[in-house]
Amino acid sequence: MEGKEGVDTTPNVPSEKKKPVVIITIGMAGSGKTTFTQRINSYLHSISSPPYILNLDPAVTHMPYEANIDIRDTVDYQEVMKQ
């Protein structure tokens, strides 16, 4: 709100707590999910804001970055396919 002579008279309102950004990456095989995630991961590390990465694909054989939580630690993909 502006008062006389363009001076801002808005009362001091505390800014809201910054909410986290969440990116969910889904797509068909070969669509670039891993490349996209690798590049976002690299960029965020370069600005000293490392991301928290979850891997929910139990069948992936190689990831060029480290996931904080990896479903492969708890799910044996080959055993699930046998059942």
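This is a predicted model: local features need pLDDT of at least 70, side-chain atom pairs count only at pLDDT 80 or more; totals for chains, interfaces and linings use all residues.

Reader: How many helices and strands does the protein have, and which pattern do they follow along the sequence?

Author: The secondary structure consists of 2 helices and 2 strands. Taken along the sequence, their pattern is α-β-β-α.

Reader: What share of the 83 residues is buried?

Author: Buried residues account for 11% of the 83 residues. The protein exposes about 7,700 Å², and 55% of that area is supplied by carbon and sulfur atoms.

Reader: Which residues lie nearest the centre of the largest pocket?

Author: They are Ile23, Thr25, Thr37, Ile53 and Leu54, out of 30 residues in the lining. Helix H1 and strand S1 (54-55) are the elements that each give two or more residues to this lining. H1 contributes the most, with 7 residues. By class, the lining comprises 18 nonpolar, 10 polar and 2 charged residues.

Reader: Why is asparagine 41 classed as buried?

Author: A residue counts as buried when its relative accessible area is under 20%. Asparagine 41 is therefore buried, because its value is 12%.

Reader: Where does asparagine 41 lie, and which residues does it touch beyond four places away in sequence?

Author: Asparagine 41 lies in helix H1, residues 33-46. Beyond four places away in sequence, asparagine 41 touches Pro51, Ile53 and Tyr65.

Technical notes. Residues are numbered from 1 along each chain as its sequence is written. Side-chain values use heavy atoms; hydrogens and water are left out. Helices (H or I, at least four residues) and strands (E, at least two) are DSSP runs, numbered from the N terminus. Buried means under 20% relative accessible area, exposed over 50%, partly exposed in between (1.4 Å probe, protein chains only). Contact means heavy atoms within 4.5 Å. Accessible areas come from the Shrake-Rupley method with a 1.4 Å probe; for residues, only the protein chains shown count as cover. On a 1 Å grid over the protein atoms alone, a cavity is a set of points where a 1.4 Å probe fits but cannot get out, and a pocket is an open set with protein on both sides within 12 Å along at least five of seven lines; lining residues have an atom within 4 Å of a point. Ala, Val, Leu, Ile, Met, Phe, Trp, Tyr, Cys and Pro count as nonpolar, Asp, Glu, Lys and Arg as charged, and the others, Gly among them, as polar.
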